[in-house]
Amino acid sequence: MSDQSADDEFFEGDATPRWYLIQCKGGESFRASEHLNNQDYEVFHPVLQVQKKRRGKLEWLDEPLFPYYLFIRLDRLASNWRPIRSTRGVLRLVGFGNEPLPVADELIDALRKSSLETASSRDGNVYFRAGEIVEITEGPFRALQAVFESQKGEERAIVLLNMLHNQQRLEMPVHHLRRQE
């Protein structure tokens, strides 16, 4: 009798939609996500907004949090798994042997919460928050630590640098700074 209840529990688990990991072809995670969405699959493709210099200007770009991966929610019984492998941009479902392995719902929830917080916290600062310790990477103050004070326009920043036992305000290009690790 206990074997029967264990089988029922396993069957019920299979009927519950779970998240799975898809490995994408190089540089094609956005394409894979779009094509899977067009096929009415529930897809989660966590992205980060980063700022990069292009054509001499800083621009916000979406980059995948996991460059070669995305998540898909599937039901072991009701979902049609066959079209996934032939979807443009998809390499394979990640698993062990021939069995795809589910990803914990808690991980997906944490990633979603984190991406929402990151999106809502984006303010006028390009890279940094006021009071954050930064390292100067170029120029005469290279390799020194400073405190980020504020953003000045798109490409300039004001930092506080300790010199001669006094904090000096310096203006410099934002791309000359990086987060202290």
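Colleague: How many bridges join strand E11 to strand E12, and in which sense do they run?

Modeller: Strands of a sheet pair through backbone hydrogen bonds, either parallel or antiparallel. Here E11 (residues 145-152) and E12 (residues 156-163) run antiparallel and are joined by 5 bridges. Valine 147, for instance, has leucine 160 in E12 as its bridge partner. As for terms, two strands pair if DSSP finds at least two bridges between them. Strands (E, at least two residues) and helices (H or I, at least four) are DSSP runs, numbered from the N terminus.

Colleague: And what should I keep in mind about the model itself?

Modeller: It is a predicted model, in which local features need pLDDT of at least 70 and side-chain atom pairs count only at pLDDT 80 or more, while totals for chains, interfaces and linings use all residues. Residues are numbered from 1 along each chain as its sequence is written, and side-chain values use heavy atoms, with hydrogens and water left out.

Colleague: In what order do the strands of the open sheet come?

Modeller: The order is E13-E12-E11-E10-E14, 5 strands with antiparallel pairing. From one strand to the next the twist averages 45 degrees, with axes being lines fitted to C-alpha atoms (for helices over the stretch in contact) and angles running from 0 to 180 degrees between N-to-C directions.

Colleague: Which strands pair with E5?

Modeller: Strand E1 (residues 18-24) pairs with E5 (residues 69-74) in the antiparallel sense over 6 bridges, and glutamine 23 has tyrosine 69 as its bridge partner there. Strand E2 (residues 42-44) also runs antiparallel to E5, joined by 3 bridges. In that pairing, phenylalanine 44 stands opposite phenylalanine 71.

Colleague: Is glutamine 23 buried or exposed?

Modeller: Buried means under 20% relative accessible area, exposed over 50%, and partly exposed in between (1.4 Å probe, protein chains only). Glutamine 23 counts as buried because its relative accessibility is 16%. Contact means heavy atoms within 4.5 Å, and, not counting residues up to four places away in sequence, glutamine 23 touches Tyr68, Tyr69, Val90, Leu91, Arg92 and Val94.

Colleague: Which residues touch the most other members of the largest nonpolar core?

Modeller: A nonpolar core is a set of buried Ala, Val, Leu, Ile, Met, Phe, Trp, Tyr and Cys residues joined through side-chain atoms within 4.5 Å. The largest has 14 residues, and Ile22, Leu36, Ile72 and Ile84 touch the most other members. E1, helix H2 (29-38), E5 and strand E6 (90-93) each supply at least two residues of this core. Apart from it lies another core, of 12 residues, including Phe128, Val134, Leu170 and Met172.

Colleague: Where does arginine 112 lie?

Modeller: Arginine 112 belongs to helix H4 (residues 105-121). With a relative accessible area of 31%, arginine 112 is partly exposed. Leaving aside neighbours within four places in sequence, arginine 112 is in contact with Trp19, Glu42 and Phe44. Proline 46 is 66 residues from arginine 112 in sequence, yet their C-alpha atoms are 7.5 Å apart in space.

Colleague: How many helices and strands does the protein have?

Modeller: There are 4 helices and 14 strands. Of the 181 residues, 30% are buried.
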